Amino acid sequence: MKLYSLSAHPNAPCLVLTFKDCTIMFDCAIDMSSLMHFLPLPLVHSERLSKLPVWHLSEGKESPVGNELKDCGGHVFIDSSPEVCIPETGILDLSTVDVILLSSYHSMLALPFITEYTGFHGIVYATEPTVQSGRQLMEELVEYIERVPKLQPATKWKEPNILKTLPSPLRESLHVPSWRKCYNKHDINAAMSKVKLAGYSEKLNLYGALSMVPLSSGYCIGSCNWVIQSDFEKVTYISGSSLLTTHPLPMVTGPMKNSDVLILTGLNQTPTFNPDNMLGEFCSNLAVTIKNGGNVLVPCCPSGVIYDLFECLSAFMDSAGLTQIPLYFISHVADSSLAYSQIFAEWLCPAKQSKVYLPEPPFPHGELVKGGRLKHFPSIHGEFTNQFKTPCVVFTGHPSLRFGDAVHFMELWGKSSMNTVIFTEPSFNYLDALAPFQPLSMKSCYCPIDPTMNFSQANKLIKELKALHVIIPDAYLSPPPLLPHRDDLIVETDPPPTPFKRADVLTLPVRRRQEKIEITSELASTLEPTEMKSGVFVSTITGSTTVKDNKYVLQPLPKAPVVVGKKRKRGEEEIINKHPKHYVYGNLDIEDFVRNLTKHGVTDMKVEDTPGGHIVHLPSEDTIIQVEEGSTHIFCEGNETLRKKLRDVLIMCLPKF
Amino acid sequence: MIMESTHIDACLKRLPDVFHLLLDSSKTIVDDTCVEKLLTLIENITQCTDDRMKLFKEDVGLVSFLSHVVTTSCEPCTMTFALKLNGILLKHDDTVQLLAAHFTGIESSLEHRIFQRALEGIEYWLDASVRCAWLNSMKVNLNYAYQVITQLECIEQIIACLVDASMFVITAAQDFTVSLIVWCYKHGMLAEREKVALVKKSQLDNGKEKHAIDEKSSRCLETHSGCRETSSSSSFIGERLLQYMTKVLRSDSTIEKPEIVSVLQMLRKLFETDQSVGGSVAMETYLLASCQDMVINCDAGVCANIVELFIVIARKTRTSDWIQMDDIIVMIMSLMHHGKLSPALKLTTTLLLEMDQQHEQHNRLYELVFLPLDFCLHPSPSTVISSSTVDFIMAAMKSRGTCISLVMHSIMALQRQCTKGGRLDDDKLCRFLKYPIILLPITSSPDRQNLSTQYTKHLLGNTKLTKFLLDLALTLCDVYAVSDDDLYQLSGVVVKMVDNPHMDSTVICKSLKTITAILRQSTSSESESGDELVAKKPRLQDTEACSQPSDLILSKVFFNILQKRSYDTRWDVRDSVINFITDITQLSDNRNVVAWIVESKLGKEVWEKLRDDDDSYVRASSLFSLAQMSLCEELWLQFMSTCEQTMQSVVQTVTNVLLHDTEAFPRRAAVDVFLKWLTKHPQIRSYLLSSNYSTYKIGHKVEEDAGESNTEHRSVFSIMLQASHDLDFEVKLSVLNFWEVIIHHYLPCFATKNLTESIWDELYHIQKTGCLEGLQSSSDDHDRVVAEKACTILITLKELIVKGLDGKDKNALTVKHKLDIKFIDFLLKTDLDRILSEKSRSVDIYEWNPLALIDDMLYSSESNDDNLLDCY
């Protein structure tokens with residue numbers, strides 16, 4: 001069993017597991033931290049951004065990268081269409097991947113890169129909300145980037161001899177060769193056509209060898225963890241899970257217990273920020289800004305926590321006397337996001353599910369839209385300009401502040417200290433996001449709302465699940481870089497977990513020792529068990545094994561057909577007499593074997609001990625006999641006579657009956 | 001309570017039926033409460049000698065009831081009743097004699113036989129209520145009790161009650177034995193013995209502890225024990241109790257822990273009752289030595305009781321002749337060196353308060369109490385404590401639980417020192433302040449960057465410690481004059497805590513109170529010179545430029561923090577912010593504070609919370625804040641300007657709250673606001689009293705369902721009349737306070753009782769407001785306290801009117817001064833005193849109508865309805 005880690009970011013995982021001749025990919029997320037190095041794409045021409053000075057390595061010298069890099073407030077940014085860091089493609093032939101299992105819509109954004117550009121021809125499994133919301137996220141991403149095209153792509157800066165001369169943090173950017181421009185809508189459609197839907201606890205079959213079961217993870221609508229099982233082995237993959245009581249179905253952990261391997265990723269990115277407190281802080285900061293006559297910008301994703309924000313904020317604003325303040329939700333997929341959230345009732349928590357029977361929509365944003373308090377628009381153009389009034393609260397993308405309508409609002413409102421931008425997404429460092437907009441008069445507030453499991457919850461869960469081996473990203477073995485003194489923010493297990501980082505290939509210490517095989521009733525009736533000791537019966541069995549769809553069946557030996565004539569009869573006897581005379585068993589005594597070889601004239605040999613057994617080398621014959629527990633291999637270069645002799649000696653040395 | 005004789009006679013006539021009911025096991029008694037009330041009734045009857053005697057008449061049946069209890073079998077609850085009845089009768093010598101008169105000799109007197117019956121009847125003594133009643137009744141007359149115990153030889157059974165299964169029996173047994181011991185000493189039953197004290201002397205020699213036992217004392221111990229065995233029977237009971245206590249205290253492992261705890265509790269009660277007797281018993285039982293032995297191996301429960309006992313002893317150490325301060329210090333050291341650090345600190349705290357500051361050990365004990373806190377500030381604090389003790393405490397503080405417990409005790413000791421320990425000098429004050437300044441950042445956040453020593457990691461994020469430290473900081477700022485530098489550091493820490501969104505709401509509330517105290521102190525020393533203050537810059541400035549604590553608080557940064565908290569999702573945080581604004585508004589004599597409030601427009605925050613907040617407490621607090629703000633002219637004007645309000649519109653808003661708010665708290669607050677304006681704000685008072693609609697039409701019925709638009713045309717008096725029908729009694733009480741202020745305003749002689757000629761004109765003004773009609777209707781209010789207050793006011797008015805009428809023609813006067821004759825007639829003809837006494841009497845109907853109790857008991861005994869049986 002091997003595990004390939006194709007991603008560096010613990011919260012943007014992409015892992016490949018090879019198990020029982022099957023190759024399974026868990027998630028294919030995009031690492032968006034690369035976006036921080038790019039200049040924002042303003043929808044409306046920005047004088048300020050267009051007039052940024054070109055970055056020069058030293059005074060007076062022409063920049064080797066031309067106009068690709070710009071200087072903004074001492075920070076260097078790439079003036080090009082933003083690029084994202086895709087999973088590593090060099091350590092494994094991704095066309096051999098049999099199946100891709102998706103956990104949530106956050107971790108599938110790299111799917112078109114995998115399915116359309118690597119020769120992938122397998123199947124993709126995901127839950128229906130994951131498919132719909134994932135498609136929305138991808139379409140929004142493409143829309144944001146394509147609507148502000150850049151004439152010239154920036155490529156020179158990536159050259160290694162130039163990259164090393166660039167200033168920090170660009171110079172230290174990780175995995176630059178894996179940075180790619182975004183895909184297009186055609187890629188999205190093609191990728192989504194390969195997706196098959198799966199339901200919670202539905203048992204999916206992979207070529208008869210493995211079963212795969214998605215279990216609710218409690219993180220977002222439709223998010224799941226995966227349990228991969230054979231008859232005797234179990235692997236659990238946990239990614240982005242939550243133990244909080246929010247709108248998705250709660251996390252299911254029962255079937256995950258006692259796994260051979262537990263792979264854990266996607267823990268809380270802001271463990272020192274309590275989501276409940278952050279929600280309160282979000283509300284109070286918003287209220288203060290609005291009361292002072294300012295506007296609030298909330299850069300966010302079009303689904304997920306935003307539903308909870310609408311619900312809490314509307315109630316809070318009512319109690320604070322801010323009912324008349326409009327809420328705007330601007331996104332290419334705003335309409336579909338709000339609509340789909342109301343119809344995926346069976347993927348929601350029981351409290352929201354029961355509302356459906358009243359009947360009431362599970363989320364209150366439907367009523368907010370109906371009442372005109374929440375207004376959604378596909379973009380800032382068109383109807384929005386007619387209805388826009390301030391002070392207001394705007395929810396729009398992208399949380400990186402590198403593209404999307406949020407860039408426009410930052411340009412529009414950034415000069416006034418009355419306005420506030422509140423960051424709720426934990427995936428982006430808000431200071432890095434704001435860097436290209438400096439100097440900024442607008443107030444900024446960091447209230448990350450990350451419902452995923454924190455470290456103490458993860459440690460507790462690992463203890464409860466009692467897996468034999470735990471595999472985690474190596475970042476979880478040490479405290480976060482910004483909190484080096486917090487030694488409680490690590491994953492601690494006994495025995496210690498196995499870490500992985502990008503491009504690592506781990507051989508997992510799971511040895512398959514047993515496989516299930518069915519025996520036909522006809523053959524079973526021929527068995528004559530003998531009691532060896534109390535409760536233990538032994539019987540010899542000779543049959544023919546067939547493997548079909550990874551299922552092993554033991555059948556009786558085939559009967560020879562009726563023939564006429566002596567020649568054929570002799571041939572038939574050979575077939576009929578396939579039944580062996582002896583059954584050998586036990587381990588080979590290497591000294592006895594060497595002695596017997598010497599007796600049979602093989603004298604020139606060297607015996608070498610290996611960790612798994614022995615190697616007997618016959619230099620003159622250029623032959624190697626590899627003896628290990630459970631297997632013996634004779635490697636000889638076409639010398640059939642020698643091979644048979646060695647075989648016979650070998651059998652002679654083994655106990656038999 | 002003195003009962004009317006008619007009531008008593010009527011009750012006595014029905015008592016035989018009740019006694020019969022109690023004896024009849026086939027009948028059900030409704031519940032225990034009725035039986036207790038019956039006993040209260042009988043006790044009330046025995047208050048008067050004559051009535052007491054009536055109880056013993058044959059037709060009352062009391063004696064036959066008691067006789068029946070003695071001679072026949074009855075329910076345990078009946079026996080309990082009989083014992084308690086016995087206890088009531090034993091309080092008076094004449095009743096004791098009357099009981100004894102029925103039989104000759106103490107041994108066969110009725111009450112004696114009841115005690116005997118209860119004690120010896122297995123079916124009775126097994127019941128905990130019987131045991132409890134037996135002990136409590138005996139305690140009433142200790143002279144009698146001593147004789148009974150001697151006769152019945154039941155001291156062992158009493159001792160057994162000290163470790164009873166029932167907590168109530170244990171308490172009763174302890175109380176009884178303590179009373180008995182005190183009585184024995186006072187009546188010479190236990191003569192003072194030669195003072196023998198077995199004292200373990202602990203000497204600290206080069207860090208080692210030596211225990212020296214007085215050999216002479218140990219020989220005396222043996223002699224003394226022998227003496228006890230030959231004591232006379234008259235002192236047997238006292239001796240037995242002492243012997244028992246000594247045995248338990250000197251016990252080995254054979255004595256169970258509950259027994260030890262009970263004896264220790266008994267001793268504590270003994271010391272609380274009579275210190276000198278306690279001291280004698282302590283010597284007799286070798287208390288000090290025994291406790292020092294016990295602390296070696298005892299568990300936490302026993303140790304806690306030892307410490308509680310010595311805390312009581314320590315309070316009187318100065319006047320005690322059996323124990324010295326040094327003995328208690330030895331006990332403290334013993335506790336410490338046997339790992340009982342928290343109890344040791346607790347005892348030390350008390351001892352420090354009792355100890356003379358000049359005592360040679362005072363400084364050492366002082367250092368000991370605060371050592372855990374010092375360890376949190378410095379890894380190796382300099383101290384006068386011996387190194388062995390220091391090492392011991394250091395080792396103990398490595399455990400998280402112990403560390404937190406010790407620090408908690410130290411903080412509590414500090415708090416007590418600040419409030420009760422006398423004046424602190426500057427060095428101590430500075431040192432005490434360092435603790436909250438350095439520790440609050442640690443206890444209020446899990447961030448390890450603030451750790452000062454290795455021990456403070458245990459205190460990370462501990463909310464309880466944070467609250468204690470804030471209480472300490474608040475006490476220090478309230479009681480002492482703190483240096484600006486310390487105030488500045490403290491304010492920096494506390495402001496940061498208010499800014500933390502993860503902070504507990506109680507911590508935020510305490511932090512804001514601390515900030516108020518800091519501000520009060522910081523601004524109190526500022527000059528009031530107008531010229532100087534005008535020349536000063538506005539207060540909203542960046543914190544980097546600050547050097548004064550008031551500058552840090554009266555800054556834009558803190559205002560932003562406060563504003564954010566005013567929109568916190570937790571109601572108690574919002575309420576704390578409003579209360580903070582109210583508190584600092586009271587510092588309106590300080591120009592800087594006023595300037596900051598004005599520039600920050602805090603009035604607007606208050607106004608918005610009043611109008612929009614969905615929590616009733618926040619709205620109520622906003623009203624109080626509004627009232628406080630109105631008392632400072634500059635703030636008031638700025639408030640009205642910022643909120644675009646006029647005085648009339650503000651009054652209107654408060655009126656709307658009074659009439660339409662769905663919760664009682666804001667409505668109460670609204671009336672209080674009007675009261676405050678009436679008493680303290682001349683301008684608004686003038687407006688309220690001279691309203692265009694101040695003429696109140698006599699007999700005009702207030703429209704109870706008047707909409708908001710109608711309130712604009714109504715005077716405040718008609719609003720108050722409507723509010724006097726509020727469902728909440730406190731609103732109605734506040735309205736009566738309002739009327740009282742109106743009366744005081746128009747009728748000066750209401751307070752002075754010095755009648756003037758103008759009383760009738762003054763009454764007319766009062767009448768115009770509708771006050772009189774309001775009072776009249778409130779005098780019959782179904783809320784008792786409201787009716788009482790209304791009656792009290794009306795009685796005073798009546799007295800004045802009667803005085804004023806003196807011989808004059810009532811009708812002519814009323815016509816001349818346009819007074820309402822109906823009201824005058826109501827006052828003169830209504831027996832307000834009777835109404836007041838009726839309203840004032842107890843809500844317990846049985847207290848003033850005991851016959852109803854007896855009737856109910858008898859009636860319910862016949863009824864089989866389950867509902868009736870559980871109506872109390």
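Tutor: Let us begin with one residue, Ser410(B), which is found in helix H23 (residues 400-420) of chain B; helices are DSSP runs of H or I, at least four residues, numbered from the N terminus. This is a predicted model, in which local features need pLDDT of at least 70 and side-chain atom pairs count only at pLDDT 80 or more, while totals for chains, interfaces and linings use all residues. Residues are numbered from 1 along each chain as its sequence is written, chains are lettered from A in the order in which they are written, and side-chain values use heavy atoms, with hydrogens and water left out.

Student: Is Ser410(B) buried or exposed?

Tutor: Buried means under 20% relative accessible area, with a 1.4 Å probe and protein chains only. Ser410(B) has 0% and is therefore buried. Contact means heavy atoms within 4.5 Å; beyond four places in sequence, Ser410(B) touches Leu345(B), Val369(B), Phe370(B), Pro372(B) and Leu373(B).

Student: How many residues of each chain are in contact between chain A and chain B?

Tutor: The contact joins 21 residues of chain A to 17 residues of chain B.

Student: How many salt bridges cross this interface?

Tutor: A salt bridge is a side-chain nitrogen of Lys or Arg within 4 Å of a carboxyl oxygen of Asp or Glu. The rule finds four across the interface of chain A and chain B. Glu608(B) and Lys291(A) form a salt bridge through their side chains, at 3.6 Å, N to O.

Student: Which helices of chain A supply at least two residues each to the side that touches chain B?

Tutor: Helix H6 (275-291) and helix H7 (305-319) do. The largest share, ten residues, comes from H6(A).

Notes. Buried < 20%, exposed > 50% of the residue type's maximum accessible area, 1.4 Å probe, protein only.
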